[in-house]
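Reader: Got a new model to walk through. Can you show it and take my questions as they come?

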Amino acid sequence: MAPRKNAKGGGGNSSSSSSGSPTGCTSGGSSSPGARRETKQGGLKNGRKGGLSGSSFFTWFMVIALLGVWTSVAVVWFDLVDYEEVLGKLGIYDADGDGDFDVDDAKVLLGLKEKPAPKPTVPPEEADMYPWLEDQVLESPGPHNIEDEVHEQVQSIDETVYSEHGENLHQEPEGPAEELQPEDHVFVGSDADDRYEPMGPGAVHEETEDSYHIEETASPAYSQDMEDMIYEQENPDSSEPVVVDDAERTYQETDDVTYRDYDEQVYEPLQNEGTESSDNAVDNSNTILEELHVPPAEEQQEVPPETNKKADEPEKKGKVKKKKPKLLNKFDKTIKAELDAAEKLRKRGKIEEAVNAFEELVRKYPQSPGARYGKAQCEDDLAEKRRSNEILRRAIETYQEAASLPDAPTDLVKLSLKRRSDRQQFLGHMRGSLLTLQKLVQLFPDDTSLKNDLGVGYLLIGDNDSAKKVYEEVLSVTPNDGFAKVHYGFILKAQNKIAESIPFLKEGIESGDPGTDDGRFYFHLGDAMQRVGNKEAYRWYELGYQRGHFASVWQRSLYNVQGLKAQPWWTPKETGYTELVKSLERNWKLIRDEGLAAMDKTQGLFLPEDENLREKGDWSQFTLWQQGRKNENACKGAPKTCSLLDKFPETTGCRRGQIKYSIMHPGTHVWPHTGPTNCRLRMHLGLVIPKEGCKIRCANETRTWEEGKVLIFDDSFEHEVWQDATSFRLIFIVDVWHPELTPHQRHSLPAI
């Protein structure tokens, strides 16, 4: 009874009582007051101490989990760990020579896989191949001997570029905010003598379907290889974002633009389709029209005529996984951490800091191709950021320096020279670009994609014969090369071998190869089919429309500003140019009389239409304004008419149109065709109109002219002309800006 009494009293023997029983209870199961207190303070009901309740365990679990989450956020947010540097240190275990440590490297180190033979780089003894002199030109497969014109051309272009209105020479401003623009220039004359000549009445030629031009509304997109730079390949898991200013790079945008891959030969030849008025009177073999247009964000932007693929595009080929280029030589692997640090700045958009970092690396390691290549890419980015041609020229030279260094990896050489060629084309240095492409083909003769690029290079200078030989060579080796097929078909059509061109264009588009799903090829295929009477033409136009290349089956212009009102026929009131129409109709006899006087063949003012738009007949034109520029010599033949038009800037300032007389003789038929842009409307003033036999169809509506009356239509819609009268038909053609274009767009859209 004593123990019970002691327990009940809670005296000094309570400790012995507790030690006498593990549960701290008597044999009768009664708990002491002390034991009850322990239970309340955290013990279990059975008297055991130290356990956690379910709710307490969950609380501690959440605390620990939240601490882990916030710790991870802090590491990422404050950039406490340089993951690229950590991954870079694993490069010393690189066993397969691809510049990083991965599963394949582990297999090699564990003996589970044989070490692959390293891909040969350019040996030192071949280093003299890369720092080539620009006057060492490959022998052209065509009749032209391309000369050393790179540096001379840069100077000559600067001296001959039109100012905005064609009156003064353009001087590029110096400083960080220079305007980055392709340099407008017009070459007239032989290939060897690229001097600029002012246009005279006989120097205005029409731009034909056969010419092949380039136009950019924004600088071309980087390829994935170029944008990822050389070091991202070493860190394939890197999640570092590339900072790109969307306002500076509108790639894309439409297309691939969206994404241009250097295996995709993306180019922008000007659509040379004339209209009843022979649309674009510029020397078709040597003219390069190129201008950068960066309109305000609120304005509709022009959509360049490039591949505009839709997400549900049919017949789309599966993507082939591309092999990573190997761009670091042995020496560059030893300084990879420094290269990565500089590249990290570039990818974060700190371009100026990245330029300084790479320049320091070039100074420390002048033998490093990677440092030089990184510097070139930073200068390329900086040129876009500052809109500076001068900085872009520096990038072009640095790309060459990178490719010229001894022991430069072959992949780096190829990418450097391809980007160099691309940037030269952007500046309008077509011959310099051609030299670079020729060198690429010389260094990599088995790469058919480079030969395809070379063919485009020849087309861009108007050397269709040399381009044709290049594509014949490609097709002899790879007969199913879709890119070569569409371009070969394009050349055949330009040579008026209409029937022969159709299978090449058709099979090339159907191949689905990169660079073949382009509006120009649908356009020319349909046009060729129309001319041979093949009813499949409109099926291809429909497919082109479905794939986003055309605004509609009828409206097939390629240089368009989206959102503009589109209809085949217009009234004067709808255009808003009623005063111009009234003036033309009020003075039609004056305009007619000067036109008739100019028809004197001894003056040679009327020139035959040379765009291959006629099925048959005789059609000539006398041009007063071209691309917003007044032909002063031509206006001497029609001074009163020119004086009358000077009052109307909507037409005289239309840099995508013309003002001219058009005479068509009996027995003439003009093929169905479309103009190059939806940015203009076309007015026809009847001057001498036979009573019967003359008519014009636009889309699905046919009309006739009346003397002294103006017809207005949108020549971006398909139109066709017949002259079956017994006497000539004379009209006056006046192009005007589309009324919905803003003043800024009228000022900045490139000329066509």
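Author: A definition to start: two strands pair if DSSP finds at least two bridges between them. This is a predicted model.

Reader: Fine. Which residue in β14 does I696 stand opposite?

Author: I696 stands opposite R703 in β14.

Reader: In what sense do β13 and β14 pair, and over how many bridges?

Author: Antiparallel, over three bridges. Strand β13 covers residues 694-698.

Reader: What sheet do they belong to, and in what order do the strands run?

Author: An open sheet of five strands. The order is β7-β11-β16-β13-β14, with antiparallel pairing.

Reader: Which are the edge strands?

Author: β7, residues 614-616, and β14, residues 701-703. Each of these pairs on one side only.

Reader: And the twist, on average?

Author: The average is 20° from one strand to the next.

Reader: Switching to helices. At what angle do α15 and α17 pack, and how far apart are their axes?

Author: The angle is about 20°, and the axes lie 12 Å apart. α15 spans residues 410-426, α17 residues 448-460. The angle makes α15 roughly parallel to α17, because angles under 35 degrees count as such.

Reader: Left-handed or right-handed crossing?

Author: Left-handed, as α15 passes α17.

Reader: Which residues meet there?

Author: From α15, K414, K418 and Q425. From α17, S449, L450, D453 and L460. By class, this contact has three charged, two polar and two nonpolar residues.

Reader: Next pair, α18 and α19. What's the packing angle?

Author: About 145°, with axes 9 Å apart. Helix α18 is residues 464-477 and helix α19 is residues 482-494.

Reader: Which hand is the crossing of α18 and α19?

Author: α18 passes α19 in a left-handed crossing.

Reader: Which residues make up the contact between α18 and α19?

Author: On the α18 side, N464, A467, K468, Y471, E472, V474 and L475. They meet F483, A484, K485, H487, Y488, I491, L492 and A494 of α19.

Reader: How does the contact of α18 with α19 divide by class?

Author: It has 10 nonpolar residues, two polar and three charged.

Terms used:
Residues are numbered from 1 along each chain as its sequence is written. This is a predicted model: local features need pLDDT of at least 70, side-chain atom pairs count only at pLDDT 80 or more; totals for chains, interfaces and linings use all residues. Side-chain values use heavy atoms; hydrogens and water are left out. Axes are lines fitted to C-alpha atoms, for helices over the stretch in contact, and angles run from 0 to 180 degrees between N-to-C directions. Helices (H or I, at least four residues) and strands (E, at least two) are DSSP runs, numbered from the N terminus. Angles under 35 degrees count as roughly parallel, over 145 as roughly antiparallel, 65 to 115 as roughly perpendicular and the rest as oblique. A crossing is left-handed if the near helix is turned anticlockwise from the far one by less than a right angle, and right-handed if clockwise. Contact means heavy atoms within 4.5 Å. Ala, Val, Leu, Ile, Met, Phe, Trp, Tyr, Cys and Pro count as nonpolar, Asp, Glu, Lys and Arg as charged, and the others, Gly among them, as polar.
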